[in-house]
Amino acid sequence: MFTKTGLFGVILLAALPAAAQSISQHFSKGSDSCYQRLYSASHLASHPVQKVEAIQLSHVTTDSFSRPGTELALQLAVRLRGSSTWQTPVACSPRGSKLSCALECDGGRFDVVVKNAGSILITGGSDLYFYGCDGKPRILERLPDDKVFMLHRQPLASCRR
């Protein structure tokens, strides 16, 4: 016999598989992955202060540079309105249910969390500086409309450079 508390527990457990997905199901050292978001003109019109019109986060094992332990080498690319695409390597480490990521040369940080089986969220962190260690920075200021990005799994060919 189910009590109200017991029934709530069963319902909660039924919802766990979607919420409890591991970030390693989306990114791992042994497999390639591609996540991307291309914002539509209507989305950008309804978010006039959003600067990012396209964003991509990928892991390609053949392009990956060696990282110690469980650290992953990813590639972040963004295109701002009216600008060229900026790319930079990103080093990410698992931290519980998320990846904690840092751009090279102290270029900023962000977290990656699971949204669902086919999507991730880039969230948290700081402004992001895209530059070579001795070059002029191009800065993505993480103002309200550029703080959280939902990216969707794409075919690997979408992330090939």
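**Nonpolar core, strand pairing and salt bridges**

Val112 contacts Ile23, Phe27, Leu57, Lys98, Leu99, Cys101, Ile120, Leu121 and Ile122, with residues up to four places away in sequence not counted; contact here means heavy atoms within 4.5 Å. The model is predicted, so that local features need pLDDT of at least 70 and side-chain atom pairs count only at pLDDT 80 or more, whereas totals for chains, interfaces and linings use all residues. Residues are numbered from 1 along each chain as its sequence is written, and side-chain values use heavy atoms, with hydrogens and water left out.

Val112 also belongs to the largest nonpolar core, which has 29 residues; Val112, Phe27, Leu57, Leu76 and Phe110 touch the most other members. Such a core is a set of buried Ala, Val, Leu, Ile, Met, Phe, Trp, Tyr and Cys residues joined through side-chain atoms within 4.5 Å. Buried denotes under 20% relative accessible area, exposed over 50%, and partly exposed the range in between (1.4 Å probe, protein chains only). Among the elements that give two or more residues to this core are strands E2 (52–59), E3 (72–80), E4 (85–95) and E6 (109–116). Helices (H or I, at least four residues) and strands (E, at least two) are DSSP runs numbered from the N terminus. The largest share of the core, five residues, is contributed by E3.

Strand E3 is mostly covered, with eight of its nine residues buried. E3 pairs with E2 in the antiparallel sense over six bridges, pairing being assigned if DSSP finds at least two bridges between two strands. In E3, Leu76 stands opposite Leu57. E3 is also joined to E4, antiparallel, by eight bridges, and Arg79 stands opposite Thr85 in E4. E3 and E4 form a hairpin with four residues between them, and Gly82 in the turn has a positive phi of about 70°.

Four salt bridges are present in the structure, each defined as a side-chain nitrogen of Lys or Arg within 4 Å of a carboxyl oxygen of Asp or Glu. One of them joins the side chains of Lys51 and Asp146 (3.6 Å, N to O). Lys51 lies in the loop between helix H2 (41–46) and E2, and Asp146 in the loop between strand E9 (138–140) and E10, so the pair ties together parts that are 95 residues apart in sequence. Lys51 is partly exposed at 24% relative accessible area, whereas Asp146 is buried at 0%.

Asp111 forms salt bridges with Lys98 (3.4 Å, N to O) and with Arg109 (2.8 Å, N to O). Through shared partners, Lys98, Arg109 and Asp111 are joined into one network.
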